[in-house]
Amino acid sequence: ARSTLALLLIVIFITLAVGFRHLGRWLIKDDPLQPSGAVVVLSGGVPFRAAEAGHIYSAGLAPQVWLTTTTPPPGLESMGIAYKGEEQYSREVLLHEGVPASAITFLTPEVRNTQDEEHVIVDAMRQAKITKIIAVTAPEHTRRVHKLWSLLAPKDLQLIARGAPLDPYDADHWWRTTRDGLSVVRECLGLFNAWTGLRIQSGQPEPERTPRELQR
């Protein structure tokens with residue numbers, strides 16, 4: 001009996017260790033790219049997400065690029081400080097990548113989190129009369145984007161999730177850096193919240209990730 005229990009504990013330990021190691025990879029749920037009505041840059045990840053959206057546009061897979069508009073941090077307005085949202089920097093990246101200004105659209109209203117973004121995207125798709133979009137985000141965020149879409153979007157609207165290839169996220173060694181570790185914890189908590197019916201409402205936008213030199 002003791003040997004059986006010891007073997008069971010060893011199996012459980014190995015399973016947990018393997019699961020821990022592969023958790024970062026499991027969070028990635030990339031879809032094959034397909035021609036779509038628009039490519040959307042989800043907030044965060046400047047400049048990686050916008051750069052990938054520019055490449056998708058240049059490849060002829062989407063005729064327009066949408067940028068969600070972030071909520072200004074509290075306190076700036078009372079100080080008389082104008083807020084330049086990250087979407088303005090994403091627009092500059094898109095222009096740098098060859099996307100014409102006429103193909104770039106800022107979506108409104110302002111958003112605080114991924115749930116807000118998906119509601120705004122659904123409304124924009126209805127208004128533009130398109131049924132398929134490509135959403136560019138962080139690689140580890142793609143699974144949660146899919147899950148939220150299944151909860152929030154009508155069945156006739158399709159989202160293709162694309163993790164930005166230039167994003168510095170290390171799926172195979174995510175525990176080695178604070179940035180990746182926090183990202184994995186946040187995504188797991190967000191997925192748990194989605195699985196339990198979105199009982200917790202977040203009032204904060206997705207945190208920024210540290211930029212690095214753009215190259216392809």
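Analyst: A residue is called buried if its relative accessible area is under 20%, exposed if over 50%, and partly exposed in between, with a 1.4 Å probe and protein chains only. This is a predicted model, in which local features need pLDDT of at least 70, side-chain atom pairs count only at pLDDT 80 or more, and totals for chains, interfaces and linings use all residues. Residues are numbered from 1 along each chain as its sequence is written, and side-chain values use heavy atoms, leaving out hydrogens and water.

User: What percentage of the residues of the protein chain count as buried?

Analyst: The protein chain has 216 residues. By the cut-off of under 20% relative accessible area, the buried share is 44%.

User: In what order do the elements of the protein chain run?

Analyst: Helices (H or I, at least four residues) and strands (E, at least two) are DSSP runs numbered from the N terminus. The protein chain has six helices and five strands. From the N terminus on, their order is α-β-α-β-α-β-α-β-α-β-α.

User: Is α4 parallel or oblique to α5?

Analyst: The axes, lines fitted to C-alpha atoms over the stretch in contact, with angles from 0 to 180 degrees between N-to-C directions, come within 10 Å for α4 (residues 114–128) and α5 (residues 142–152) and cross at roughly 55 degrees. Angles under 35 degrees count as roughly parallel, over 145 as roughly antiparallel, 65 to 115 as roughly perpendicular and the rest as oblique. Therefore α4 is, relative to α5, oblique.

User: Which residues in α5 do those of α4 meet?

Analyst: Contact means heavy atoms within 4.5 Å. From α4, the residues involved are T114, Q115, E118, H119, I121, V122 and M125. Their partners in α5 are R144, V145, L148, W149 and L152.
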